[in-house]
Amino acid sequence: MLRPPYRRYQRLYTYHLDQTPLPSLDDPDLIGAWGEDDGTVLFFHRPKERLIAELCRQTGARLHYQADLDYEEWEAGREIVPFQVGDLRVAPAWDEQEADIRLDPSVIFGSGFHPSTRLCLEMLLKYVNNDGQTGLNGSADHPSAGSQPAAAVKHFLPVKRALDLGCGTGLLAIAAARRGVAQVLAVDNNPLACQVAAANCRLNQVEERVTVRQLDLRREPPATGEFDLVMANLYQGLLRELMANPDFWLARYHILAGFITPMEEELLALLPADRVRLVERISRERWCCWVLAARC
Ligand SMILES: C[S@@+](CC[C@H](N)C(=O)[O-])C[C@H]1O[C@@H](n2cnc3c(N)ncnc32)[C@H](O)[C@@H]1O
């Protein structure tokens, strides 16, 4: 995360150690520590060979590899600049112009530049209005090619509580709060993602509406019954696991993404057709997003 005196990211210095968790570091150049199953990746604004050598000496950890790269390379070659989705303007924390959402993407997924995040944002903004309502009323039982809505929005239903599964930077959760959703639970298994999402909620003053929780969806898949809307931009394997669990389908609406067109058929077969219907399917650069509604 950005902490003074840093106002943006330029070069990233990364160190992958074979232990997790590691003792917390209080280094002014630290961006964050990303815990993984097989170790921890530490991100800094500056080279830290001496600090890492000392950390290894103290903990017995070993350095797997180190690398330094430009922030743009980390962000898949994209420059992180302000962008507009519908009437919502999202800007990086270092941009000085007005924005509805200000985001420190840090080194976490969810800058808003990946097609799957962007599609989820578009669908969220399309179907959830400023009063925390949703305009789901269409019907499309089979996905169709292209990105045109399968049915017109006809009336609105309330979304008071939303669940953001795999929240990354928290962008979707914050956007839901901006659209008037009263309570959002944002979960991620990556502790750094949770820290970044919570910081972004504070930056946007929605921390009263958005609760961020560290949770592994594989071990503790949350029951969705108390939520009106579930947003899940996840990788296909995890989506498959969640979709096979009947508790995943207790919410009234779902926005699902994180899969590409060749994966759709397999996922489509997991939809409980008697309980949910596909309202809209949208795709861009082969990434897909589905909006689903419970059959009532
Ligand atoms: C594709 S990113 C989506 C981030 C953000 N919601 C967006 O739309 O840009 C998926 C997120 O899911 C998280 N994730 C992966 N496996 C998870 C698990 N087992 N439990 C919880 N979160 C998980 C990752 O850490 C990552 O932040």
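Analyst: In helix α5, the buried residues are Leu192, Ala193, Cys194, Val196, Ala197, Ala198, Ala199, Asn200 and Cys201. A residue is buried if 20 or more other C-beta atoms lie within 10 Å of its own, exposed if 12 or fewer, and partly exposed in between, with C-beta atoms placed from the backbone. Helices (H or I, at least four residues) and strands (E, at least two) are DSSP runs, numbered from the N terminus. This is a predicted model: local features need pLDDT of at least 70, side-chain atom pairs count only at pLDDT 80 or more, and totals for chains, interfaces and linings use all residues. Residues are numbered from 1 along each chain as its sequence is written.

User: What covers the buried residues of α5?

Analyst: The cover is described by contacts, that is, pairs of residues whose C-beta atoms, placed from the backbone, lie within 7 Å. For α5 it includes the strands β2 (30–36), β7 (101–103), β11 (183–188) and β12 (210–214), together with helix α4 (171–178).

User: How does one check the length of α5?

Analyst: The expected span of a helix is 1.5 Å times one less than its number of residues. For the 13 residues of α5 (residues 191–203) this gives 18 Å, and the end C-alpha atoms are 18 Å apart, so the two agree. Just after α5, Gln205 takes a positive phi of about 55°.

User: Is Ala186 buried or exposed?

Analyst: Ala186, which lies in strand β11, is buried because 31 other C-beta atoms lie within 10 Å. Beyond its neighbours within four places in sequence, its contacts include Ala197, Asp164, Cys167 and Val212.

User: Which residues come nearest to the ligand?

Analyst: A residue is near a molecule if its C-beta atom, placed from the backbone, lies within 6 Å of it. Of the 21 residues around the ligand, Gly110, Thr117, Gly166, Gly168 and Asn189 come nearest. At least two shell residues are supplied by each of α3 (115–127), α4 and β11.

User: How many helices and strands does the protein chain have, and where is pLDDT under 50?

Analyst: The protein chain has 7 helices and 16 strands. As for pLDDT, it is the predictor's confidence in each residue, from 0 to 100. The chain averages 91, and 91% of the residues score at least 70. Over residues 138–155, however, pLDDT stays under 50.

Notes: Contact = placed C-beta atoms within 7 Å.
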